[in-house]
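Good morning, and thank you for coming. Please look at the structure on the screen while I take you through a few of its parts.

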Amino acid sequence: MMIKILLHRELLRHWRSRQDLINPLIFFVIAVSMFPLAVTPEGELLEQIAPGVIWVAALLATMLSLESLYRDDFHDGTLELLLMQSGSHYKVVIVKIIAHWLTSGLPLVIISPILAVMMHLKGDSFWALLSSLLLGTPVLSLIGSVGMGLTVGLRQSGVLLSLLVLPLYLPVLIFGASAVTSAAMGMEYSGQLAYLGAFLFASLSLVPFASVAAIRVSIR
Amino acid sequence: MTENNKILSVEKLGIRRSERWLFEDLSFDLSAGEVLQVVGVNGAGKTSLLRCLCGLLPKAAGQVNWGGNGELIPLYLGHLPAVKPELTVFENLKLHPIAGQFATDEAADKAIIEVELHGYEDEPARTLSAGQTRRVGLARLLIANTGCWVLDEPFTSLDVDGCHWLEQQMINYVEKGGSVLLTSHQPLTLLKEPRLLTINKQRQI
């Protein structure tokens, strides 16, 4: 019951400030669509660089969207209201992460097929991209919530946030892109997906604690 | 020791901001139906004390015990209005937890009428003035189903009528057995003189 209302609040809040949601998505599309123009429109080369390009763009787009996780709520005082009055810090944090993924990770996954076609990804590699993003973007939201929780109280947190979060994003990037590359070469890619799944469950079990602790440091 | 009507007991509480102790060894009790006004000079740590009691600030020493077994969630209204500009007035009251619960539609409607924001229910809160935003926050007092209010400078940006209204709400609440812990620079005119708690750096009374 509480989770349902909190989720309603989060989604409504994101919907009312749609501009913040659209920006990372536009960045994702533009960044990827630059490559055929800048490098070469040749199918073969594009297919080779596509996994890395799409994954890096997705990662940076997620970084852009992290701000919307806690920043506004922190500044108008609703974050402390939620934490204090709900009686459960973990519920608040988990709901916020779920809402963040639904509003920023999921749109990336949904729009990625268009970019895959643009980058000449076909058949297996197309599905590998979709499934690796589906498993990987929740991990990005989860890890990002810890970094954002730590830096939400700081004025100029952009660089610090990337320094904190990007090293932790690297395993996801490596295995996500490598799944697509393997698929493009006609090899088995379930191993990489299994790793991504393991990352997802590991972060799902550890991140709520880290995230709550991080926010408690910032709210003072 | 274990009185039933004790809402809050604080023992030897100390709060530290980085290396500087705001205060140490602060002990006091709050019983049901009591108003406790925290006074002290600017920077003495009034806000820090309230935030610490509400669990928003870690304590450096001592014990804080709510409602005997620590299950009571007080309603805390801080310096920030805690009103979401994108959400409407009604949604602000409905979708934010208030003392561990969510308001029913009727309770939220009634509170909006009571704080004289009738007609603004479906307006986004960003269109409200500072005083009106403050009233949205104060409407939570009417909805909250809890034994204690913790109010940090509740009279800020309220007009004269608003101040009288808030004092009247406190009188009603205390009569029903609620207790109020507040910081305020202005003297309160309640039925009974509020108990004062003075915070000084060196010693407490």
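This is a predicted model: local features need pLDDT of at least 70, side-chain atom pairs count only at pLDDT 80 or more; totals for chains, interfaces and linings use all residues.

I shall begin with a strand, then turn to charged pairs, and end with pockets.

Please find strand S3 of chain B, which covers residues 35-39. Is this strand mostly covered or mostly open? It is mostly covered, as four of its five residues are buried. Strand S3(B) has two partners to consider. With strand S7 of chain B, residues 179-183, S3(B) pairs in the parallel sense over four bridges. Within that pairing, Val38(B) has Thr183(B) as its bridge partner. With strand S8 of chain B, residues 195-198, S3(B) also runs parallel, and four bridges join the two. Here Leu36(B) stands opposite Arg195(B).

I now move to the charged pairs. Side chains of opposite charge can pair when their charged atoms come close. How many salt bridges does the structure hold over all chains? The count is 18.

Consider one of them, between the side chains of Asp73(A) and Arg9(A), at 3.2 Å from N to O. This pair links distant parts of the chain: Asp73(A) belongs to helix H4 of chain A, residues 67-76, while Arg9(A) belongs to helix H1 of chain A, residues 2-16, and the two are 64 residues apart. Are these residues buried or exposed? Buried means a relative accessible area under 20%. Asp73(A) has a value of 0%, so Asp73(A) is buried. Arg9(A) also stands at 0%, and therefore counts as buried.

A second example joins the side chains of Lys122(A) and Glu47(A), at 3.7 Å from N to O. Again the pair links distant parts of the chain, 75 residues apart: Lys122(A) sits in the loop between helices H6 and H7 of chain A, and Glu47(A) sits in helix H3 of chain A. The cut-off for exposed is over 50%. Lys122(A) has a relative accessible area of 52%, so Lys122(A) is exposed.

Arg9(A) leads us to a histidine. His96(B) is found in the loop between helices H2 and H3 of chain B. Its relative accessible area is 0%, so His96(B) is buried. Which side chains does His96(B) contact? One is the side chain of Arg9(A), in a polar contact of 2.7 Å. Another is that of Arg140(B), in a polar contact of 3.5 Å.

Next, please find helix H1 of chain B. This helix is mostly covered, with seven of its eight residues buried. Among the buried residues of H1(B) are Lys46(B), Arg51(B) and Leu53(B). Just after H1(B), Gly55(B) takes a positive phi of about 80 degrees.

The largest pocket holds about 450 Å³ of space. It is lined by 18 residues, and those closest to its centre are Met84(A), His89(A), Leu53(B), Cys54(B) and Gly55(B). Helix H5 of chain A, helix H1 of chain B and strand S4 of chain B each supply at least two residues of this lining. By class, the lining of the largest pocket has twelve nonpolar, four polar and two charged residues.

The second largest pocket has a volume of about 240 Å³. Of its 19 lining residues, the closest to the centre are Phe74(A), Glu80(A), Arg220(A), Arg51(B) and Leu80(B). The elements that give two or more residues to this lining are H4 and H5 of chain A and H1 of chain B. How does the lining of the second largest pocket divide by class? There are six nonpolar, seven polar and six charged residues.

Thank you for your attention.

Note on methods
Residues are numbered from 1 along each chain as its sequence is written. Chains are lettered from A and ligands numbered from 1 in the order in which they are written. Side-chain values use heavy atoms; hydrogens and water are left out. Buried means under 20% relative accessible area, exposed over 50%, partly exposed in between (1.4 Å probe, protein chains only). Two strands pair if DSSP finds at least two bridges between them. A salt bridge is a side-chain nitrogen of Lys or Arg within 4 Å of a carboxyl oxygen of Asp or Glu. On a 1 Å grid over the protein atoms alone, a cavity is a set of points where a 1.4 Å probe fits but cannot get out, and a pocket is an open set with protein on both sides within 12 Å along at least five of seven lines; lining residues have an atom within 4 Å of a point. Grid points are joined across faces, edges and corners, and a volume is the space filled by probe spheres set on the points. Ala, Val, Leu, Ile, Met, Phe, Trp, Tyr, Cys and Pro count as nonpolar, Asp, Glu, Lys and Arg as charged, and the others, Gly among them, as polar. A polar contact is a pair of N or O atoms within 3.5 Å; within protein, one must be able to donate a hydrogen and the other to accept it, and residues adjacent in sequence count only if both atoms are side-chain atoms.
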